[in-house]
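Hello,

Here is the structure I promised to hand over. My notes follow below it.

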Amino acid sequence: LPRGRRQGLPQHLLPRGRRQGSPQHSGAGNIKSIENVCFRGIFSSPASSVDGTSPDESQGVIDVSRGGGAGGGSLLDRGLEFASKNFFLLGMATAVSMARLAPSLGKNGSILRPEIFFGQYGVSAIFALSGLSLAFGELQNAFENIKLNAIIQFVTFAVWPAIGFTTTRIIETFMPQLLPKSLLEGLVILSCLPTTINMCILLTSTSGGSVPTALCNVVLSNMSGILLTPALLMKLFGTSAIELPFLDLVVKLCKKVLLPVTIGQGLRATPVKGFYSKHAKFFKRLQEIVLLGIVWNAFANAFTSGIGINLGDTVILLTLLSAIHVGAVLGLFTFFRQSKIVGANRSEAVAATFCGSHKTLAFGLPLINTIFDGSPSLAAYCAPIMLIHPLQLVLGSFFVPYFERFVSEEEEVKAI
């Protein structure tokens, strides 16, 4: 408009220098204007204009303020962003490399005592944080989801033994020279074990899955395994001379899982809950670090002591276990994600996948040593579980980024 007709116009239609209270041609005014455009341009919709500036012009100012160009940001910034987004996978590679280069530092009983720092205190802290972050109603709902829990336990104690028994029979029939009979029997023993506790909770939490579902099923699986695993082994191996320290196993499970979760639930009534919510990102990263510490410890032990079988059998067994585990993860994830019978949401599907595909080392080794004490095949019986433990950590970590995106997509849809 001509200058004479600008009187009475709203402030946002006047030139910048003519607005009331706006300094004319001052550096401070220009900087303030750019800051205003940047701030409002980021948090407002693209269609809105800022101070009479078109969306394209506003975007141009924002791009300049961020460094400009399609490749904005320095190489260091982009490297740090990549490292932050892929922290867990990079950490996994670092943990395995450290274990290989200096296994004496990461093994049990070393000067750093990782089996205590990570395996006991770290895991207990994670279970306490799980109890702190979960409302009691969420835990109650998870335990009341009888259909999902029953399917997970059926997979653990029925589907897995059937797979283990069938696989070994196929190998014995068509490829009898592939592996010794004692290692094939070790595969059958592995298939009868309950799910792992630490890995299921940590991988589920890192992936954004349902921690209440995972917590519920690791407790059910390990409590049931005290009776079901020996029963399955008696059926498959035809022996009735299996005796287990039932009370000791129950006490160990309560101390390792239920006590920390109960403490976490009690802390929800204190200011600790607010502190946890305020620093949720930090505690999520702490969970990842604990998990990486367990990986480091597991691989250091493997590199230090070995597993008691020759290299050729080790390679074949690793390949076979990898194929079985990846197949189990993909098959279970597809089933829990798509099955209308289960009716699980995305976070529950992730938790069910981890719980249904893992086998426990902490429960398995003492159990095998107790049942088969004195057997000349004891090392071969222990070998599959000793190999699958670090293997589950490595292979599971590769699924974490995908599962995390999978769950976040559902949360974004709910938010809309």
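Leaving aside its neighbours within four places in sequence, which residues is Thr 196 in contact with (heavy atoms within 4.5 Å)? They are Val 218, His 358, Lys 359 and Thr 360.

Two points on the source. This is a predicted model, where local features need pLDDT of at least 70, side-chain atom pairs count only at pLDDT 80 or more, and totals for chains, interfaces and linings use all residues. Residues are numbered from 1 along each chain as its sequence is written, and side-chain values use heavy atoms, with hydrogens and water left out.

Thr 196 is found in the loop between helix 9 (181-191) and helix 10 (198-207); helices are DSSP runs of H or I, at least four residues, numbered from the N terminus. Thr 196 counts as buried because its relative accessibility is 5% (buried means under 20% relative accessible area, 1.4 Å probe, protein chains only).

Next, the cores. A nonpolar core is a set of buried Ala, Val, Leu, Ile, Met, Phe, Trp, Tyr and Cys residues joined through side-chain atoms within 4.5 Å. The largest has 61 residues, and Phe 127 and Phe 336 touch the most other members. Helix 14 (residues 280-305) gives the most to this core, with 10 residues.

Leaving aside neighbours within four places in sequence, the contacts of Phe 127 include Ile 197, Asn 198 and Ile 201. Lys 256 and Pro 260 are also among them.

Best wishes

Note on methods: Helices (H or I, at least four residues) and strands (E, at least two) are DSSP runs, numbered from the N terminus. Buried means under 20% relative accessible area, exposed over 50%, partly exposed in between (1.4 Å probe, protein chains only). Contact means heavy atoms within 4.5 Å.
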